[in-house]
Amino acid sequence: MQRITTVLAVLAFFVFGPLVAFSADYDAWLQAAELGPYQPAVEDWDAIYERAQQEPPLLVYAHTSRIFDAVEELLEDYPGLQIEALDMPGQEIIERVVREWDAGRRDIGVAFMALPWLQHELLLPRQAVTRYVPRELEARIPAADTEPLLKHRFSASGWMYNDANFDSAPWDNIWELTTEPFRNRVVVSDIFGGATTPTHFTGIVQFSDEMERLYEAFFGEPIELHGTANAGEEFVRRLLQNDMRVLSSSREVAEALTNSTGPFAGMTVYSRLREVADGVYQFAVDTQNSPVVVAYHYISIGSFTESPNTAKLLVRHLTSEEGGHYWWGANFPVDTSYALEEPFTLTLDDFEKVWRIDADTASDVMDRLLDYWPIWR
Amino acid sequence: MKSLTTPGPGTLWLRRRVNSLKLLWHLPHRIMAWAFILVFAYLIVVPVIEIVIGSFQVRERDVRRIGAAIGEWTVFYWERAFASPFSQSIFYEPLRNTVVVASGYTLLSMALGVALAWLLVKTDIPFKKLISTAIIVPFILPSWSLALAWIAVFRNDQIGVGAPGFIQGVFGYAPPDWMTYGPIPIIFVLAINYAAFTYLITAASLTTVDAALEEAAELKGATGFMRFRLITLPLILPAIGSAFILTLAAGLSTFGVPAFLGSPVNYQTLSTSLYAAAGAGRFGDAYVYIIVLIVISLVAIYANARLLGSRRQFTTMTGKGAVRKIAPLGRWRWPITAVVLTLLFLGAVVPIVMLVWQSLQLRLGDYSLSNLTLAYWIGQRGDFSGILVEPRILSAAWNSIRLSVSVGILTAFVGVLVGYAITKGRGSRLARVLEQVSFLPYLIPGIAFGAIYLSMWAQPRGILPALYGTFALLVLAAFVNRLPFATRTGIAAMMQVGPALEEAAQLKGAGVVRRMRSILFPLVKGGLLAGFILSFVSTIKDLSLVVLLITPRTVVLPVITMGFAELGYRQLADAISVLIIVIVLGGTFLAQWLTKTDPLTGFGDR
């Protein structure tokens with residue numbers, strides 16, 4: 001018996017030893033970086049800047065090309081900081097951070113991207129990224145938007161129509177898009193070609209109860225499922241069965257909307273309206289009859305970075321009204337008091353049906369959609 | 001009692017070993033083959049093993065989907081592909097489509113490539129310089145730009161983006177859907193895209209065909225076509241075989257063209273399924289596709305080797321001086337020229353003009369003159385500076401040049417050496433293994449290769465330092481990934497070099513290095529250059545391989561293009577594509593000028 005206990009103890013030492021050691025290391029790092037429980041109630045930004053100037057270059061992984069200009073603006077105010085940024089698709093950032101982490105590297109300084117469900121699933125269990133909310137921001141925004149990581153902004157995807165042909169969306173109920181008049185007259189980008197379509201339809205499935213209610217309101221009878229699990233999936237299946245055009249990119253969706261005549265619908269991200277303002281495309285977002293699916297971007301600090309103070313300055317800058325102006329408008333800031341940039345004047349309150357993605361179940365929902373999409377098509 | 005002068009069995013054994021070692025030194029291809037196999041085993045086989053094992057292990061993302069712990073053994077991914085309710089749509093249908101498309105574009109592009117090579121090397125077709133340059137342009141262009149150009153010409157107002165294309169706009173005739181999307185356009189566009197492979201490799205080998213052989217046939221009364229079929233074709237068959245493998249595999253693993261031209265009509269191929277899986281982080285599924293693609297290609301390589309191995313090896317470089325003879329095209333000269341120029345105009349000029357024009361449009365899609373601007377080149381538009389005044393883009397351009405030139409040179413030389421080891425040992429198992437191993441990286445999609453290299457090199461391995469984050473790792477990964485281009489061209493070139501020259505040098509006491517430097521490399525300059533160009537071009541365009549390995553200091557152009565395209569700043573993305581084309585053309589000319597070699601003539605200064 002004693003022998004077994006010894007063996008178990010030795011095993012436990014090898015299995016849990018590293019974990020204990022890890023959390024001890026992590027705690028020490030948090031303490032040194034004044035993060036987590038060690039974040040002071042009032043942050044002394046002069047001291048943070050002072051320390052940041054001694055730090056090695058901060059490595060930023062971001063899924064946005066605007067990061068470079070935003071960083072440059074910060075450096076004008078805070079000369080002496082060293083920041084290097086990379087713009088990569090979110091999926092690649094996650095793959096990269098996971099592989100780096102598992103190989104024992106602690107390179108990442110700031111992670112700035114969407115796909116919160118993958119971050120929950122792959123980054124948080126590793127403690128590869130650490131939550132950080134500048135105190136002054138924390139006081140102004142809902143606590144829910146700071147857990148488990150700080151949300152930087154909300155992005156919306158919704159249904160668009162050509163406003164040169166119609167004053168308002170040429171449908172009263174989203175289910176109308178699955179009917180004969182809209183055969184071959186609905187466009188989306190491929191579910192396998194970028195995050196927009198999978199994210200939007202994941203939101204639709206997560207709000208299946210709502211979809212069921214809308215179905216009954218439109219057809220006047222309970223929904224009948226054909227090999228699908230819920231009303232959301234049934235909606236996707238029926239769109240595909242109704243010869244929905246699946247294009248390769250969201251740019252083509254915008255183009256198709258612009259060229260359309262008669263009743264026509266396209267799903268794309270709200271920020272595409274930037275090009276409408278530029279005069280390149282012609283369409284408007286339906287705020288009344290269709291749901292808008294809202295997802296979000298997290299911003300967090302890479303655990304064990306040697307440049308935590310530079311990271312804090314960057315996070316504070318990017319989440320401020322001024323420093324984040326590249327995104328406010330096309331996306332919605334967490335602090336709703338921020339001014340939005342033209343041509344974007346809508347806030348999320350202006351939409352009738354705002355469906356917020358639930359990151360905890362999104363992965364499973366999306367996996368099923370990706371599996372069944374080719375079959376339903 | 002043993003005589004003192006007679007060596008004992010032990011001594012004899014030793015002497016034999018010493019002798020065979022001496023012999024090995026004089027026949028270095030075996031040492032080289034072993035050395036390459038060892039190095040490649042590490043650089044290539046390790047990733048392949050990870051892929052094979054990975055396809056049988058539960059991945060972190062699929063823990064809930066499969067209901068088992070990470071790393072546990074599973075046949076989930078294989079079952080999903082081969083025997084699940086999803087198999088038809090995610091595997092068998094793409095497989096069928098892949099076979100159709102691959103047969104189509106391989107045949108078409110090889111016919112195009114051989115015809116063009118023959119016309120340029122063996123006939124008096126005019127504008128040779130122009131044509132030989134224009135042929136590689138479709139290969140340089142980003143493949144999506146060819147696909148988009150096709151759509152712009154053939155679309156009708158009922159499908160896709162719903163706008164009439166060029167044909168409908170001008171002639172009022174709406175082309176049927178199958179001309180816009182699906183297998184036919186995919187086959188055509190891929191064929192145009194990859195005709196450069198066959199052209200480059202075949203042209204290099206055609207130049208070395210001694211006209212004396214053809215003249216002999218002519219004296220015997222053979223007609224033009226008979227001479228081609230009986231003399232020229234068999235001589236260039238090894239080159240065609242290499243081109244076949246390269247073209248087939250290039251199309252098997254390409255993503256852009258089938259995605260743009262297939263996805264709107266739900267026409268999936270294994271490569272679109274593979275990228276869809278990898279793009280969604282489903283590496284378990286992706287690994288299964290990779291293995292299937294590897295198996296398909298190995299079968300093709302095997303068939304190819306059987307076909308060529310069973311034939312006699314034709315030596316065309318005998319060192320005795322070959323005569324090139326130009327056949328007059330006669331009354332067909334101008335009609336054929338017109339066809340070739342039209343093809344090249346559509347495949348090379350139109351897409352480039354579209355790219356340049358779009359990069360000059362203030363508002364995309366507005367083709368009026370008042371809409372022209374240089375803002376995306378040297379000005380400022382929205383939040384972004386023009387590409388020629390943005391330091392970040394200029395430094396990326398420099399990185400792209402550094403990377404693709406180093407990779408091009410490295411692969412070209414190693415390719416010839418591998419080609420030497422393989423052709424000298426042709427028929428031996430060693431040579432076959434080396435040939436197949438050096439081909440594997442071609443079939444591993446860049447993103448998976450990059451991911452595996454990230455894990456492999458994140459930490460020091462044995463005596464090897466951690467390369468992660470260094471420029472050297474980019475070079476290494478791209479080198480290994482492009483190796484197949486160079487080994488194929490190396491094999492094609494080496495198969496024509498007769499042993500006599502080298503043997504003569506050997507008799508005169510020339511060592512291996514001397515023989516390589518003074519005889520082999522000069523003889524295969526054309527092949528070297530073809531290998532350089534192929535890997536140089538494909539490296540500078542590549543995105544998926546490097547995206548996981550770059551650092552802020554080693555960012556390359558395609559990474560930036562992607563960011564702009566995603567934002568909808570197509571003009572900036574197009575301007576960068578034009579910049580890449582300029583760099584590639586510049587690099588190609590420079591390489592030709594420096595080596596005084598033209599892939600067309602193979603031996604410019606002889």
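Visitor: How many Å separate the centres of domain 1 of chain B and domain 2 of chain B?

Guide: The two centres, taken over C-alpha atoms, are 23 Å apart. The bounds come from an automatic or database domain assignment, which gives domain 1 as 98–268 + 299–353 and domain 2 as 403–570 + 580–606 of chain B. This is a predicted model, in which local features need pLDDT of at least 70, side-chain atom pairs count only at pLDDT 80 or more, and totals for chains, interfaces and linings use all residues. Residues are numbered from 1 along each chain as its sequence is written, and chains are lettered from A in the order in which they are written.

Visitor: How many residues does the contact take from domain 1 and domain 2 of chain B?

Guide: Two residues are in contact if their C-beta atoms, placed from the backbone, lie within 7 Å. Here the contact takes 33 residues from domain 1 of chain B and 36 residues from domain 2 of chain B. On the domain 1 side, α13(B) gives the largest share, seven residues. Helices are DSSP runs of H or I with at least four residues, strands are runs of E with at least two, and both are numbered from the N terminus.

Visitor: And how many residues join chain B to chain A?

Guide: That contact draws 40 residues from chain B and 44 residues from chain A. Elements giving two or more residues on the chain B side include α5 (87–122) and α21 (446–457) of chain B.

Visitor: Which residues touch the most other members of the largest nonpolar core?

Guide: As a general idea, nonpolar side chains tend to be buried together in soluble globular proteins. A nonpolar core is a set of buried Ala, Val, Leu, Ile, Met, Phe, Trp, Tyr and Cys residues joined through C-beta atoms within 7 Å. Buried means 20 or more other C-beta atoms within 10 Å of a residue's own, with C-beta atoms placed from the backbone. In this core of 294 residues, the answer is V60(A), I290(B) and A448(B). Helix α11 (residues 183–206) of chain B gives the most to the core, with 17 residues. Beyond its neighbours within four places in sequence, A448(B) is in contact with I51(B), A278(B), F283(B), A286(B) and I290(B).

Visitor: What is chain A built from?

Guide: Chain A has 13 helices and twelve strands. Its radius of gyration, taken over C-alpha atoms, is 23 Å, close to the 21 Å that the globule rule gives for 377 residues, so chain A is as compact as a globular protein of that length. That rule is 2.2 Å times the number of residues to the power 0.38. Buried residues make up 51% of chain A.

Terms used
Buried ≥ 20, exposed ≤ 12 C-beta atoms within 10 Å, placed from the backbone.
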